[in-house]
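Me: I am new to this one. Please show me the structure, and then I will ask about it piece by piece.

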Amino acid sequence: MSKLVDLERGVSVNAYDDRGMDITSIAKETTSGLYQRFDKWLLDYDRPRMTEAFEG
């Protein structure tokens, strides 16, 4: 498990293994492009929460 933090951009990446990673940020705008670009890679059980955050 690895955690990377970019304090200047306010982004945190938690890469756990070949299953994927979690990306969090202080500002929604920072991660909304990733949400749109990698839509097909997103896990279904997280989708309702992400939809609410980015589209709601």
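Me: Which residues is methionine 50 in contact with, leaving aside its neighbours within four places in sequence?
Reply: This is a predicted model, in which local features need pLDDT of at least 70, side-chain atom pairs count only at pLDDT 80 or more, and totals for chains, interfaces and linings use all residues. Residues are numbered from 1 along each chain as its sequence is written, and side-chain values use heavy atoms, with hydrogens and water left out. Contact means heavy atoms within 4.5 Å. By that rule the partners of methionine 50 are Tyr35, Leu42, Leu43 and Glu55.

Me: How far apart are the C-alpha atoms of methionine 50 and tyrosine 35?
Reply: Methionine 50 has its place in helix 2. Helices here are DSSP runs of H or I with at least four residues, strands are E runs of at least two, and both are numbered from the N terminus. Along the chain, tyrosine 35 is 15 residues from methionine 50. Their C-alpha atoms are separated by 8.1 Å.

Me: Is methionine 50 buried or exposed?
Reply: Buried means under 20% relative accessible area, exposed over 50%, and partly exposed in between, with a 1.4 Å probe and protein chains only. Methionine 50 has 18% relative accessibility, so the residue counts as buried.

Me: Which residues lie nearest the centre of the largest pocket?
Reply: A pocket is an open set of points on a 1 Å grid over the protein atoms alone, where a 1.4 Å probe fits, with protein on both sides within 12 Å along at least five of seven lines; lining residues have an atom within 4 Å of a point. The lining of the largest pocket has 22 residues. Nearest its centre are Met21, Asp22, Ile23, Leu42 and Met50.

Me: Which element gives the largest share of that lining?
Reply: Strand 3 (20–25), helix 1 (28–37) and helix 2 (47–55) each give two or more residues to the lining of the largest pocket. The largest share is six residues, and the element that supplies it is strand 3.

Me: How many strands and helices does the protein chain have, and in which pattern?
Reply: The protein chain has two helices and three strands. Read along the sequence, the pattern is β-β-β-α-α.

Me: How many residues of strand 1 are buried?
Reply: Strand 1 covers residues 2–6, five in number. Strand 1 lies largely in the open, because the number buried is zero.

Me: How many bridges join strand 1 to strand 2?
Reply: Two strands pair if DSSP finds at least two bridges between them. Strand 1 and strand 2 (residues 11–17) run antiparallel. Serine 2, for one, has alanine 15 in strand 2 as its bridge partner. The number of bridges joining the two strands is five.

Me: Which residue in the hairpin of strand 1 and strand 2 takes a positive phi?
Reply: The hairpin has four residues between the strands. The phi in question is near 70 degrees, and the residue is glycine 10.

Me: What is the relative accessible area of asparagine 14?
Reply: Asparagine 14 lies in strand 2. Among the residues it touches beyond four places in sequence are Met1, Lys3 and Met21. Asparagine 14 is buried, with a relative accessible area of 17%.

Me: What is the relative accessibility of glycine 33?
Reply: Glycine 33 lies in helix 1. Glycine 33 counts as partly exposed, at 37%.
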